[in-house]
Amino acid sequence: MDLGTLRRDPEGSDEPVFRAAYRTVSREFVRSIGVAQSTLRATGHDEEAARLDGVTWHALRHTFASRLVSAGVDLRTVQELGGWQTLSMVQRYAHLSPGHLVAAVERIVPAPTEVVLGTASATELGRNLNSVAAASNS
């Protein structure tokens with residue numbers, strides 16, 4: 001079904017895509033994943049069906065927020081798009097990889113990436129960020 005056809009104001013940006021309660025949408029999503037998996041298995045695509053294991057509506061909210069932030073969208077905009085009430089909740093949802101931290105630092109370092117910053121190169125700084133992130137995740 002094309003949800004766009006159900007919009008009261010197709011040109012309006014304030015109208016939510018899903019008008020039902022979160023719980024209702026989540027339940028329908030779980031049902032749809034199950035139907036997709038059954039169809040894939042019935043047609044001999046077991047591996048593709050298995051890739052949908054664990055896919056939830058809630059997990060997609062995390063993915064949505066993380067991808068927006070990784071694309072450079074500011075947290076206030078992510079908050080508005082995702083419907084989160086606080087920035088602290090957005091930060092919980094927007095998990096970023098250590099590589100994202102390195103990319104952020106690289107934005108202020110002139111090319112090439114081996115330019116020396118005091119005594120450390122940008123690449124070395126990136127390795128340090130990765131090791132700090134890995135230690136904090138342990």
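Residues are numbered from 1 along each chain as its sequence is written, and side-chain values use heavy atoms, with hydrogens and water left out. Because the model is predicted, local features need pLDDT of at least 70 and side-chain atom pairs count only at pLDDT 80 or more, whereas totals for chains, interfaces and linings use all residues.

**View 1. Secondary structure of the protein.** The protein contains 7 helices and 2 strands, which are DSSP runs (helices H or I, at least four residues; strands E, at least two) numbered from the N terminus. Along the sequence these elements follow the pattern α-α-α-α-α-α-β-β-α.

**View 2. Burial and surface of the protein.** Of the 138 residues, 20% are buried, that is, under 20% relative accessible area with a 1.4 Å probe, protein chains only. The protein exposes about 10,000 Å², of which carbon and sulfur atoms supply 57%.

**View 3. Packing of helix 3 against helix 4.** Helix 3 (residues 57–70) packs with helix 4 (residues 75–82) at an angle of about 150°, their axes lying 10 Å apart. The two helices are therefore roughly antiparallel to each other, a term for angles over 145 degrees, and the crossing of helix 3 and helix 4 is right-handed.

**View 4. Residues between helix 3 and helix 4.** R61, F64, A65, L68 and V69 in helix 3 meet L75, V78, L81 and G82 in helix 4, where contact means heavy atoms within 4.5 Å. By class, this contact has 7 nonpolar, 1 polar and 1 charged residues.

Key
Axes are lines fitted to C-alpha atoms, for helices over the stretch in contact, and angles run from 0 to 180 degrees between N-to-C directions. Angles under 35 degrees count as roughly parallel, over 145 as roughly antiparallel, 65 to 115 as roughly perpendicular and the rest as oblique. A crossing is left-handed if the near helix is turned anticlockwise from the far one by less than a right angle, and right-handed if clockwise. Ala, Val, Leu, Ile, Met, Phe, Trp, Tyr, Cys and Pro count as nonpolar, Asp, Glu, Lys and Arg as charged, and the others, Gly among them, as polar. Buried means under 20% relative accessible area, exposed over 50%, partly exposed in between (1.4 Å probe, protein chains only). Accessible areas come from the Shrake-Rupley method with a 1.4 Å probe; for residues, only the protein chains shown count as cover.
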